Amino acid sequence: MAGNKTLSRKELYNLVWSEPMKKVAGQFGLSDVSMAKACKYANIPRPPVGYWVKLAAGKSIRRQPLPDRGAGMSDIVKIGGFQHGFNLYHRTDEDILATDPTPYIFEESIEEVKAGVEARIKSVTMPKFPEKAHRIIRKILEKDGERRKKHLKSPYSYMFDEQKFNNPFEIRRLKIINAVFTALERAGMKPNIRDQNAHELSVQVNNASVEISLESASVKPERIRSQRHKTRSTNGRLRLSIFCGGMTGDVRQSWADGEDGGRLEEHLREMVIAVIVAGEVQYRETCQWLYEDEIARKKNLVAEAKRNKEEAERKEIERRAAIEKSRLTRLLDDVRAMREATDIREFAETVLALWKEGNIETSSEEIMRWLDWVKVQADKVDPIKSRRFLDYTLDSDK
């Protein structure tokens with residue numbers, strides 16, 4: 001059982017509550033620390049300190065129940081190796097051929113998931129800024145301050161040294177990002193900004209990475225970061241967009257100033273909830289993609305197996321035809337060899353007759369020696385005498 005393996009959350013939960021963590025980890029060639037990290041990653045509770053001692057003493061101890069899978073959380077846990085993405089189980093070709101692909105079944109509808117998220121997130125407010133800036137936003141502000149100092153000290157003006165967040169539009173944009181990120185982190189999610197200008201935004205919703213943007217409402221929302229910089233604007237209206245997962249750049253949902261007569265600040269809770277729900281939707285879309293991919297893989301594998309079988313049958317027919325052709329060629333060679341052996345023997349009889357009639361002057365010892373040699377040569381050529389004619393089974397037919 002050692003080595004990397006994938007288990008469902010329930011399977012791992014039952015495993016870690018069946019025996020001490022060190023024994024469970026040993027089955028996979030891991031340390032109990034690594035196993036504990038896998039459990040934490042999948043939100044699987046572990047027996048508390050003293051659990052096994054109390055159990056051995058016959059005490060009745062309540063097992064902590066397995067929490068429901070969170071939004072965007074994979075139901076598959078990878079044991080050993082780096083935990084990344086959904087850890088969905090990619091079955092081998094042999095497994096797919098042996099059984100039909102099974103669709104993923106979700107007990108809750110997306111509406112029910114959304115209702116659960118709404119119940120947990122009662123409200124989202126604008127934190128006092130910059131005093132209560134999120135740590136990621138704080139780092140961006142610090143870098144922006146360094147750029148400003150450098151720009152003021154330098155006699156030369158460079159665009160990349162200019163302060164980025166020095167106008168009402170950019171400051172407001174940063175305040176809204178700060179409010180959304182703070183609320184998402186309180187809900188257990190992991191927000192991230194990949195650039196110093198706060199244009200490349202993403203949120204790790206458990207195992208799902210949801211990309212978002214908060215840009216001018218006058219430009220088209222772009223998921224590709226190079227395109228975002230090209231379409232940057234600084235007008236007063238803002239739009240927050242949530243992008244679909246996968247390779248597309250489609251927008252899943254968006255909000256903009258003035259669409260309903262209000263401002264984005266009035267939709268903070270709605271946007272935070274939507275980001276979390278988008279993580280669950282992405283997970284389900286990935287599960288559906290995997291299911292459809294397995295259907296396509298099985299179709300291709302079956303077709304390939306059929307082609308391989310037909311090709312093998314064709315080659316077998318060709319192989320047997322070649323064997324029969326070789327057998328016939330050998331038979332004809334034996335016929336020719338038999339004729340040659342007969343001709344040799346008839347020639348020897350003719351020579352002997354001529355010698356007896358006195359037409360060949362040689363001693364009897366020499367003629368007998370010659371006849372013995374001729375007999376040996378004829379026997380060598382003769383396929384019947386050597387029993388070579390029976391050896392018609394070729395090596396390729398074995």
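A residue counts as buried when its relative accessible area is under 20%, as exposed when over 50%, and as partly exposed in between. By that rule Tyr-51, at 6% relative accessibility, is buried. The model described here is predicted.

**Aromatic pairs**

The structure holds five aromatic pairs. Like Tyr-51, which is at 6%, Trp-17 is buried, because its relative accessibility is 3%. Trp-17 and Tyr-51 also belong to one aromatic cluster together with Tyr-13 and Trp-52.

Another pair, Phe-347 with Trp-370, is edge-to-face as well, at 5.9 Å centre to centre and with 75° between the planes. Phe-347 lies in helix α10 and Trp-370 in helix α11, so the parts tied together here are 23 residues apart in sequence. Phe-347 is partly exposed at a relative accessible area of 47%, and Trp-370 is partly exposed at 27%.

| Aromatic pair | Centre to centre | Angle between planes |
|---|---|---|
| Phe-347 and Trp-370 | 5.9 Å | 75° |

**Helices α10 and α11**

Helix α10 covers residues 268-356 and helix α11 covers residues 364-381; they pack at an angle of about 170°, and their axes are 8 Å apart. Because angles over 145 degrees count as roughly antiparallel, α10 is roughly antiparallel to α11. On the α10 side the contact includes Ala-337, Ile-344, Phe-347, Leu-352 and Trp-355, and on the α11 side Ile-367, Trp-370, Leu-371 and Val-374 are among the residues involved. The residues of this contact divide into 15 nonpolar, one polar and three charged.

Helix α10 also contains Arg-284. Is Arg-284 buried or exposed? Its relative accessible area is 15%, so Arg-284 is buried. Leaving aside neighbours within four places in sequence, Arg-284 is in contact with Arg-69, Phe-106, Glu-108, Ser-109, Ile-110 and Val-113. The C-alpha atoms of Arg-284 and Ala-71 are separated by 10.0 Å, although the two residues are 213 residues apart along the chain.

**Helix α3**

Helix α3 spans residues 32-41, and within it Met-35, Ala-36, Ala-38 and Cys-39 are buried. Seen down the axis of α3, these buried residues fall within an arc of 155°, so they line one face of the helix. An α-helix has 3.6 residues a turn, so residues three or four places apart point the same way. Lys-37 and Lys-40 are exposed on the other side of α3. Among the elements that cover the buried residues of α3 are α1, α2 and β2 (76-79). Just after α3, Asn-43 has a positive phi of about 55°.

**Ser-241 in strand β6**

Strand β6 runs over residues 238-243 and includes Ser-241. With a relative accessible area of 1%, Ser-241 is buried. Which residues does Ser-241 touch, not counting those up to four places away in sequence? They are Glu-211, Ile-212, Ser-213, Pro-221, Val-251, Gln-253 and Ser-254.

Key
Residues are numbered from 1 along each chain as its sequence is written. This is a predicted model: local features need pLDDT of at least 70, side-chain atom pairs count only at pLDDT 80 or more; totals for chains, interfaces and linings use all residues. Side-chain values use heavy atoms; hydrogens and water are left out. Axes are lines fitted to C-alpha atoms, for helices over the stretch in contact, and angles run from 0 to 180 degrees between N-to-C directions. Helices (H or I, at least four residues) and strands (E, at least two) are DSSP runs, numbered from the N terminus. Angles under 35 degrees count as roughly parallel, over 145 as roughly antiparallel, 65 to 115 as roughly perpendicular and the rest as oblique. Contact means heavy atoms within 4.5 Å. Ala, Val, Leu, Ile, Met, Phe, Trp, Tyr, Cys and Pro count as nonpolar, Asp, Glu, Lys and Arg as charged, and the others, Gly among them, as polar. Rings of Phe, Tyr and Trp (its six-membered ring) pair if their centres lie within 6.5 Å; planes under 30 degrees apart count as stacked, over 60 as edge-to-face and the rest as tilted. Buried means under 20% relative accessible area, exposed over 50%, partly exposed in between (1.4 Å probe, protein chains only). The arc is that of the directions from the helix axis to the C-beta atoms.
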